[in-house]
Amino acid sequence: MKTLRRLIAILVIATPLMVLAQGGWPSRPITLVVPYAPGGPTDIVARTIAVSMSKTIGQTVIVENRVGAGGTIGTAQVARAAPDGSTFLIHHMAMATYPALWKKLSFDAIKDFEYVGQVVDVPMTSISYQGTAPAMNALVGGQVDLMCDQTTQTVPHIRAGTVKFFGMTTRNRVKVLPDASTLDELGLKDFDMQVWHGIYAPKRTPRPITDKMSVALRTAMKDPDVVRRMQDLGAEILTDAKMTPEGLESHLKAEIDKWLPAIQDAGITPQ
């Protein structure tokens, strides 16, 4: 009798996921969680692709900001969300630095997520603050003296002359700022770093769902309006191979392998 009850319980749990995997997804709007403040670089990327992805999926993709603790609060909430294809996470390179910078996390960047695909690469990185949008406001207002941020947020201020540009972190100059020298050109040889974004789903989200999201992502990145917006922001659109579950998983693991020893060698103490 116990075996029968257990079998019934398994069937009850599995049935909704089977229905979703067989073409019933999505039956309601989808939430794309940004674990940072509105108006920041990740938020800008998310809102740029959300409308186009909605057209492919056939349901509205709602961007929701769940901020706090260096992005870990929103990330943890997605890790705990039901794996039914209703909740996804968009995050940047911090996913690769969490293992080295945090002693205790309620999630594992590798084990607690399924992968959808890498989104874009963006020159320059973020700083610790309440969020990059408030940090930029503080920089423009004179409350802070220096900031290292992504082109998705800085280009308008650089063009307007409200902030002074020092150097690009990428190996090559970006088209949107052709006169902006790279740090490599300025003497920091072989300096090359970009902020990358990826979309994730809670663990055990059916593969057919993440595959459909991946298709929607790749379709969005070919949308002329999205392409134009990304180019204006200085973001680099990636190859189709990178915008797949396998592409993101491979990249995340490689980035963890790169940043973990670098952070440890720098003597940075995990929080």
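Two strands pair if DSSP finds at least two bridges between them; helices (H or I, at least four residues) and strands (E, at least two) are DSSP runs, numbered from the N terminus.

I am working on a predicted model, where local features need pLDDT of at least 70, side-chain atom pairs count only at pLDDT 80 or more, and totals for chains, interfaces and linings use all residues. Residues are numbered from 1 along each chain as its sequence is written, and side-chain values use heavy atoms, with hydrogens and water left out.

**Strands.** I looked up E3 (residues 87–91) and found 3 bridges joining this strand to E5, the two running antiparallel. Ile90 has Ile199 of E5 as its bridge partner. In E5 (residues 194–202), 8 of the 9 residues are buried, so the rest of the structure largely encloses this strand (buried is under 20% relative accessible area, exposed over 50%, partly exposed in between, with a 1.4 Å probe and protein chains only).

**Loop.** Next I went to Lys242, in the loop between E6 (236–237) and H9. Lys242 is partly exposed, at a relative accessible area of 38%. Its C-alpha atom is 8.0 Å from that of Val119, 123 residues apart along the chain. Leaving out residues up to four places away in sequence, Lys242 touches Gly117, Gln118, Gly247 and Leu248 (contact means heavy atoms within 4.5 Å).

**Helices.** Last, I checked H4 (residues 94–101) against H9 (residues 245–265): their axes come within 8 Å and cross at roughly 40°. Axes are lines fitted to C-alpha atoms, for helices over the stretch in contact, with angles from 0 to 180 degrees between N-to-C directions. Among the contact residues I noted Met95 and Leu101 of H4, and Trp259 and Ile263 of H9.
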